[in-house]
Amino acid sequence: MKLSRTLFATLREVPSDTEVASHALMARAGFIHKLAAGIYVYGPMMWRVLRRVEGIVRDEHDRVDCQEMLMPAVQPKELWAESGRWDRYVNDGILFHFHDRRGSEVCLGPTHEEVVTDFVRSRVQSWRQLPVILYQIQTKFRDEIRPRFGLMRGREFIMKDAYSFDVSEEAMKQSYATMREVYRAVFTRCGLRFTPVQADSGAIGGCGSEEFMVDADSGEDAIAVCRVSGYAANIEKAVSIIPPPPAAPASVLMHKEATPGARSCEDLLRMFPDLPLARMLKTVIYQASWGDRQQTVAVMCRGDRQLNEVKILNHLGALKLELADEAVVRAATGAAVGFAGPIGLKDGVRLLADASVEGVQGFLCGGNETDTHWLDAWFGRDLAQPETADFGLVQAGDATVDGGGAIEITRGIEVGHIFQLGTKYSEAMQATYNDEQQKKQPIWMGCYGIGVSRIAAAAIEQNHDENGMIWPLPIAPYAVLLVHMKPGDEAQDALAQELHDALEAQGVDVLWDDRPKVSPGAKFKDADLVGVPLRIVVGRDAAQRGVEWSERARPGEKEALSAEAARDRAVELCRAAGRRA
RNA sequence: CGGGGCGUAGCUCAGCCUGGUAGAGCGCUGCGUUCGGGUCGCAGAGGCCGGAGGUUCGAAUCCUCUCGCCCCGACCA
């Protein structure tokens, strides 16, 4: 493709609404165009990348006999009522939904468990038809609370979603294991460095799930990893062995202390410098909701630890958990925010405790009275230990539960998530099969998602420098950038044309910078920005059939080659990378 | 949803406080020049200053409302 025939325009300056490298570079290079918050036009270059990613995804799925299909984006509410998810998604506010002309409510699909389950139940009757794995690559719609970072978290994005259907739990696990390998292969082929982690299942539900995290400091997710044991989990899910509680002090009667203005552990530490943080028990007030029902929940936690709201949410089986606002805190404690404690909470407030409080005695806690805390409180003496479970957030340095090693917290971009759904959807929606005994059984399901457009963004996050993107060859928009230094020069024109044709003939896609009257510096700057991995410069040695070879990933390493040698090298590298025309 | 910030040329921004009818750089067009890391010169095109209302002789500038975009998400701990 001749560059002069594309709508190629680059920006020298970083657009003001970009925050992360991938967004800034895609915008500067003209790959994307924003229409609205979290909604983008994928320009021709971007689309080539996305198609490459899709190609790899298809290839790896088809290899294990998954079957591609396409489901509608518009979905009727009735289907979602069957699974019981309509309320949750509407509640979370992420569902795009509206009424059609007849007044029926519909939504734009944020995911397709319901539709695929409906499809499968309409044709599966016998155990003989299973297992089967279906997938599609399609635009998904989620009215994210806060779209950001360009393609990283959009409201409309391209996703590959796959669904497996099996006769038993064991068979489901088999499919799940197969898909895990498919995912590893996909991300590896896309040139990404990633970490599979244990994960929370969230709104999708089911029993087990793992996420595939692309290692990047700009990632939105925190993950707990251990280099020694190999443990890796999303921080929402991670568990650890925390430092033990401090020894109990001499038993003293519990007493109230005035603590004016001391709303945080830090404030209290200043007032009681001898009291270790681990003997201050904080009590956080939350408002939990189950859709129609609401309850105020107080959760205790050791002063040197933090709470994990996902664990609390899961324990409660609630739809939503929010920190209580000031009015709710006052209603629950009778005090200003900052003085909540376990003793004397108003009726109807459910009290929970994180496992970190276990064994802590002689502690400080809020007095449920403004500017007041209790000191030297003892469980068993002054109050009963409340319902206790693991609600804690793991911290760097914690020991892993699987033995050896300490936990480290790193960041990642979630590009894939795989779930064992079990029979959650099949039971709710009566997706069954007849077994050998003619008995109806629920189908065991799994679901598997890959953020196709997010892969592209993640690839840039991982592969860029101060001058631009550095595409991994398998997903690059073009394999070769042919930099034609001086169009109009007879020798250069002839050689560039010849090289372009020869490469294309061998199945190597070439972007040919044939722009006349663009200075060499500008051509090189644009070349770096766009990040096409292989570069062949046709310039002053064209008459001798000499070109300059370089690779975007190795700036500064330039090599003088014959046109034939450069062509052969490009062909060979593309073959090695599994890149086909 | 709550809090904060910003909407002026395709992009990055100045002008706004102290109203007098719009500027720069980049980009774009033309001519010339240059030709291996954003050449240089000359000449141009391009904006109802997000929208609506109000105040005023006069509004990009002041006031109200509205829409859009960006950032943060309660430190309670």
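Biologist: Let's start with R58. How exposed is R58?

Modeller: This is a predicted model, and in it R58 is partly exposed, with a relative accessible area of 27%.

Biologist: And what does the side chain of R58 meet in a salt bridge?

Modeller: That would be E54. The two side chains meet in a salt bridge at 3.5 Å, N to O.

Biologist: Where do E54 and R58 sit, and how far apart are they along the helix?

Modeller: Both are in helix 2, which covers residues 44-63. They are four residues apart there, so about one helical turn separates them.

Biologist: Is E54 buried or exposed?

Modeller: E54 counts as buried, because its relative accessibility is 8% and the cut-off for buried is under 20%. R58, at 27%, is partly exposed.

Biologist: OK, how many salt bridges turn up in the whole structure?

Modeller: A search of the whole structure gives 42.

Biologist: Give me another one. What about R302?

Modeller: The side chain of R302 meets that of D304 in a salt bridge, 2.9 Å from N to O. R302 counts as buried, at 1% relative accessibility, while D304 is partly exposed at 25%.

Biologist: And which residue does R545 pair with?

Modeller: R545 pairs with E564, in a salt bridge of 2.5 Å, N to O. This pair links distant parts of the chain: R545 is in the loop between strand 31 and strand 32 (546-551), and E564 is in helix 14 (residues 563-576). The two are 19 residues apart.

Biologist: How accessible are those two?

Modeller: R545 is partly exposed, with a relative accessible area of 30%. E564 is partly exposed too, at 29%.

Biologist: Which residues are linked in a network of salt bridges?

Modeller: R48, R52, D509 and R579 are linked that way.

Biologist: Switching topic: the RNA. Which residues come nearest to RNA strand B?

Modeller: There are 43 residues around RNA strand B, and R146, R263, K282, V284 and E548 come nearest. Of the RNA atoms that come within 4 Å of the protein, sugar and phosphate account for 55%.

Biologist: What kinds of residues make up that surface?

Modeller: The surface near RNA strand B divides into 17 nonpolar, six polar and 20 charged residues.

Biologist: Now the big picture. What domains does chain A have?

Modeller: The domain assignment gives domain 1 (16-73 + 119-238 + 409-460), domain 2 (255-391) and domain 3 (478-576). The C-alpha centres of domain 2 and domain 3 lie 66 Å apart.

Biologist: Last one: why is helix 11 described as largely enclosed?

Modeller: Helix 11 (residues 452-462) has 11 of its 11 residues buried, so the rest of the structure largely encloses it. Among the buried ones are R454 and E461, along with I455 and I460.

Terms used. Residues are numbered from 1 along each chain as its sequence is written. Chains are lettered from A and ligands numbered from 1 in the order in which they are written. This is a predicted model: local features need pLDDT of at least 70, side-chain atom pairs count only at pLDDT 80 or more; totals for chains, interfaces and linings use all residues. Side-chain values use heavy atoms; hydrogens and water are left out. A residue is near a molecule or strand if one of its heavy atoms lies within 4 Å of it. Ala, Val, Leu, Ile, Met, Phe, Trp, Tyr, Cys and Pro count as nonpolar, Asp, Glu, Lys and Arg as charged, and the others, Gly among them, as polar. Domain bounds come from an automatic or database domain assignment. A salt bridge is a side-chain nitrogen of Lys or Arg within 4 Å of a carboxyl oxygen of Asp or Glu. Buried means under 20% relative accessible area, exposed over 50%, partly exposed in between (1.4 Å probe, protein chains only).
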